[in-house]
Amino acid sequence: MASHLLEKMAQDGTNSLRERVYRHLEAALREGQLHHGTCLDQDRLCEELGVSRTPLRDALLRLEAEGFVTIQPRKGVYITPVSDAFVKSACQILGALEADCLDTVFPLLTSRHIRQLEESNKRQEQFLERRQAVEYHAENARFHDIFLSLSSNTLLYQTIGPLRRRLDMLPDHPLAYEQARAALNDHCRIIDSLKMKNRTAAVSVLRHEHWAPVRFLCPKSAKLSRVASSAAKRSAA
């Protein structure tokens with residue numbers, strides 16, 4: 001199955017085998033097919049993907065550089081957990097970079113861009129209501145890319161992309177839906193501010209509210225509830 005996916009990527013124009021392996025593993029991480037803290041079976045991956053160790057090693061080195069995995073010599077390759085400390089740091093960086101970008105490209109935003117933002121936010125809402133997490137996260141990234149793509153700073157995506165994708169790896173918790181709804185509301189406020197030409201308000205929502213760590217962290221009460229629920233299930237079994 002995985003080897004067929006690599007073939008499809010090749011047909012879509014992804015010619016580098018190393019790039020195809022990287023994209024497959026990165027998607028598997030984001031979609032929860034590979035779990036935090038687990039050790040990757042490299043022999044099994046090579047067999048499933050139909051590749052040698054070389055392109056797999058190259059892809060893993062890239063994933064390590066982006067923080068997705070940790071390579072421990074003579075021990076193995078482990079999926080790096082997304083800690084609360086990482087979430088707080090990532091949100092601080094993303095909030096600062098995206099807000100600065102929006103402030104910079106504000107004069108370039110047209111009614112067409114604002115319409116694209118509105119349409120993207122509606123699609124996100126539809127995906128969220130259907131509980132289609134993968135599609136929701138992909139569309140959420142497209143929403144932000146509408147204004148990020150107007151920047152001439154080529155380093156933006158290299159910095160923002162991996163951080164956003166790692167946040168997408170966070171497991172769901174009981175309040176995840178409400179937090180996602182709050183993010184969509186932020187989008188509406190940003191769009192309304194752009195319509196009113198209120199640059200300061202749009203930038204402020206993005207910097208100080210949209211990327212607030214609380215939007216991504218699982219509250220302690222929810223964590224305790226989830227632990228208690230798991231314990232109850234084990235006892236019942």
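Helix α3 is followed by G50, whose phi is positive, near 70 degrees. Helices here are DSSP runs (H or I, at least four residues), numbered from the N terminus. The model is predicted: local features need pLDDT of at least 70, side-chain atom pairs count only at pLDDT 80 or more, and totals for chains, interfaces and linings use all residues. Residues are numbered from 1 along each chain as its sequence is written, and side-chain values use heavy atoms, without hydrogens and water.

Helix α3 spans residues 42–49, and Q42, L45, C46 and L49 in it are buried (under 20% relative accessible area; exposed is over 50%, partly exposed in between; 1.4 Å probe, protein chains only). Seen down the axis of α3, its buried residues fall within an arc of 100 degrees, so they line one face of the helix. The arc is that of the directions from the helix axis to the C-beta atoms. D43 and E47, on the other side of α3, are exposed.

E26 lies in helix α2, residues 17–30. E26 counts as buried, at 5% relative accessibility. Beyond its neighbours within four places in sequence, E26 is in contact (heavy atoms within 4.5 Å) with L63, F68 and R165.

N198 sits in the loop between α9 (176–195) and α10 (199–210). N198 is partly exposed, with a relative accessible area of 33%. Leaving aside neighbours within four places in sequence, N198 is in contact with F106 and S193. N198 and F106 are 92 residues apart along the chain; their C-alpha atoms are separated by 9.7 Å.

Terms used
Helix = DSSP H or I, 4+ residues; strand = E, 2+ residues; numbered from the N terminus.
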